[in-house]
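Colleague: I would like to learn how to read the pockets, the helix packing and the aromatic pairs of a model. Could you take me through them one by one?

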Amino acid sequence: MIGIDLNGKTALVMGVANARSLGWAIAQKLLEAGARVGFSYQGERLKSELEKLTGGHSGTWIQQADATSEDDLSALFAKVKEEFGQLDYLVHSIGFAPREAMEGRFLDTTPQDWNTAMSVSAYTLVSIARHAEPLLREGSSIVSLTYHASQQVVPKYNVMGVAKAALEASTRYLASELGAAGVRVNCISAGPMRTIAARSIPGFGSMYDKAAAAAPLGRNATAEEVGKLALFLLSDLGSGITGEVVYVDAGAHIMTMKLD
Ligand code: NAD
């Protein structure tokens, strides 16, 4: 039990597809701490799964919103205003790149795949923050999820690594602009986790095992550990931290190699 009380706080979590989603691990920590949580899901096929997950949690609500649609975002934040009046915590747990863009060479990335990956995985953080801005207040904060392929080459991550670099840079620009209002913006850089999004990365299984073997802790971080870090960064515990990329990967990114 983490001794943090978020009673009276409100949160919107965007990007829960199922129980393995990192967004769900974060939502669970927010709910445990007493926050009221609303959820958005990309499309109708994800609705029943989210209804099942949130069913047992009082005070939750869900709404469909494709994060690339300005109309969906307007409707979503109108719902946030109606339900909560204001917003303390915003979780962006959204990423996508077409599988073909991750199967071939980075050199062969098509303009369409580049635009899709950038738009869904990076620009949505900017547009979502803009829609949320009128509802945010002193002490509110935003987190999104990134991966170390933004900083170093991870085979097959390709355009998604570039999109994550854009997401991290966007985090710094947003933090700089929203700081005057007392609003913080940070990224969590998670190690590999077995989720739906991870399944679309070619060779993910082998990458998962190699990361665990290379990590100082000799294992991969868990989704629950992502949730704990998010709780820290979103809440007042992280009050002095903004524009930052904080790793939760059992230390894997500090290593260049490990000797047998
Ligand atoms: P996931 O598949 O459970 O979640 C990804 C979510 O993005 C899904 O809910 C999907 O519906 C949503 N999404 C995609 N396009 C969307 C759109 N246009 N509008 C609204 N929602 C959209 O997988 P996850 O691993 O939990 O991914 C969450 C975040 O964590 C992603 O940004 C991912 O890149 C990042 N991340 C994942 C790992 C990992 O190994 N799983 C590691 C580091 C970072």
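Modeller: Let us begin with the lining of the largest pocket, to which α1 (22-32), β2 (36-41), α4 (99-103), β5 (136-146), α6 (158-178), α7 (196-199) and α8 (204-214) each supply at least two residues; helices (H or I, at least four residues) and strands (E, at least two) are DSSP runs, numbered from the N terminus. This is a predicted model, in which local features need pLDDT of at least 70 and side-chain atom pairs count only at pLDDT 80 or more, while totals for chains, interfaces and linings use all residues. Residues are numbered from 1 along each chain as its sequence is written, and side-chain values use heavy atoms, with hydrogens and water left out.

Colleague: How much space lies in the largest pocket, and which residues lie nearest its centre?

Modeller: Rolling a probe the size of a water molecule over the atoms shows where empty space is left. On a 1 Å grid over the protein atoms alone, a pocket is an open set of points where a 1.4 Å probe fits, with protein on both sides within 12 Å along at least five of seven lines, and lining residues have an atom within 4 Å of a point. The largest pocket holds about 1,100 Å³, a volume being the space filled by probe spheres set on the points, which are joined across faces, edges and corners. Of its 44 lining residues, Ser93, Ile94, Gly95, Phe96 and Ala197 lie nearest the centre.

Colleague: Which element gives the most to the lining of the second largest pocket?

Modeller: That is α8, with five residues, and the space in this second largest pocket is about 540 Å³. Its lining numbers 24 residues, with Tyr147, His148, Val154, Met207 and Ala211 nearest the centre.

Colleague: How do the axes of α3 and α5 cross?

Modeller: Two packed helices are described by the angle between their axes and the distance between the axes. Here the axes of α3 (residues 70-84) and α5 (residues 111-132) come within 10 Å and cross at roughly 35°, where axes are lines fitted to C-alpha atoms, for helices over the stretch in contact, and angles run from 0 to 180 degrees between N-to-C directions. The contact (heavy atoms within 4.5 Å) involves Glu70, Leu73, Ser74 and Phe77 of α3 with Ser127, Ile128, Arg130, His131 and Ala132 of α5.

Colleague: How many aromatic pairs are there?

Modeller: There are four, counting rings of Phe, Tyr and Trp (its six-membered ring) whose centres lie within 6.5 Å, with planes under 30 degrees apart called stacked, over 60 edge-to-face and the rest tilted. One of them is the tilted pair of tryptophan 24 and phenylalanine 39, at 5.9 Å centre to centre and 40° between the planes. This pair links distant parts of the chain, with tryptophan 24 in helix α1 and phenylalanine 39 in strand β2, 15 residues apart.
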